[in-house]
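Here is a short walk through one protein chain.

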Amino acid sequence: QVQLVESGGGLVQTGAPLRLSCAASGRSFSSYAMGWFRQAPGKEREFVAAISRSGTNTYYADSVKGRFTISRDNAKNTETLQMNSLKPEDTAVYYCAAAFPSCGACVTSTPEWYAYWGQGTQVTVSS
């Protein structure tokens with residue numbers, strides 16, 4: 001089991017940066033590949049970014065590539081999503097997630113591979 005708590009959401013203007021954090025507790029954080037997803041009102045949940053257990057490999061949705069950076073600190077049990085050049089279409093509730101241990105070193109955009117989810121943090125980008 002692992003518990004995830006996101007923080008750092010808020011209201012920002014177009015073009016501004018924002019940094020989301022995800023604090024993990026429970027079993028060894030380094031055992032889990034991690035990811036970020038988001039869900040806008042009236043839309044389905046969508047993949048944002050993923051990172052391997054060691055942090056060596058990352059994977060991004062095309063919509064955020066070049067603007068967002070995912071990272072992790074296994075010593076501090078934290079995952080971070082640095083978001084730059086935010087756009088109104090980035091407005092959503094952002095969720096961090098930990099993959100099933102069987103995912104191994106995978107880096108995946110498939111929600112079904114994620115076993116644990118945080119409660120989400122709201123990001124609103126005004127135009």
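Predicted model: local features only at pLDDT ≥ 70, side-chain atom pairs only at ≥ 80, totals over all residues.

Begin with the secondary structure. The protein chain has 11 strands and zero helices. Read from the N terminus, its elements run β-β-β-β-β-β-β-β-β-β-β. The radius of gyration is 13 Å, close to the 14 Å that the globule rule gives for 127 residues, so the chain is as compact as a globular protein of that length. Along its principal axes, the C-alpha trace spans about 40 × 25 × 25 Å.

Next, see how the chain comes together. Take the contacts between residues at least 6 apart in sequence: 59% of them join residues at least 24 apart.

Now the surface. The protein chain exposes about 6,200 Å². Carbon and sulfur atoms supply 48% of that area. The chain carries 11 positive and 9 negative charges.

Then go inside. Buried residues make up 43% of the 127 residues. The largest nonpolar core holds 39 residues. Which of them touch the most other members? They are Leu4, Trp36, Leu81, Met83 and Tyr94. Strand β9, residues 92–99, gives this core its largest share, six residues.

Finally, pick out Leu81. Set aside its neighbours within four places in sequence. Leu81 is then in contact with Leu18, Arg19, Leu20, Trp36, Val48, Ala49, Phe68, Thr69, Ile70 and Tyr94. Two of these partners, Trp36 and Tyr94, are also among the core residues that touch the most other members.

Methods. Residues numbered from 1 in each chain as written. Heavy atoms only, no water. Helix = DSSP H or I, 4+ residues; strand = E, 2+ residues; numbered from the N terminus. Rg over C-alpha atoms; globule rule 2.2 N^0.38 Å. Buried < 20%, exposed > 50% of the residue type's maximum accessible area, 1.4 Å probe, protein only. Contact = heavy atoms within 4.5 Å. Areas by Shrake-Rupley, 256 points an atom, 1.4 Å probe, with all protein chains shown as cover. Lys, Arg positive; Asp, Glu negative; His and termini not counted. Charge placed at Lys NZ, Arg CZ, Asp CG, Glu CD. Core = buried A, V, L, I, M, F, W, Y, C linked by side-chain atoms within 4.5 Å.
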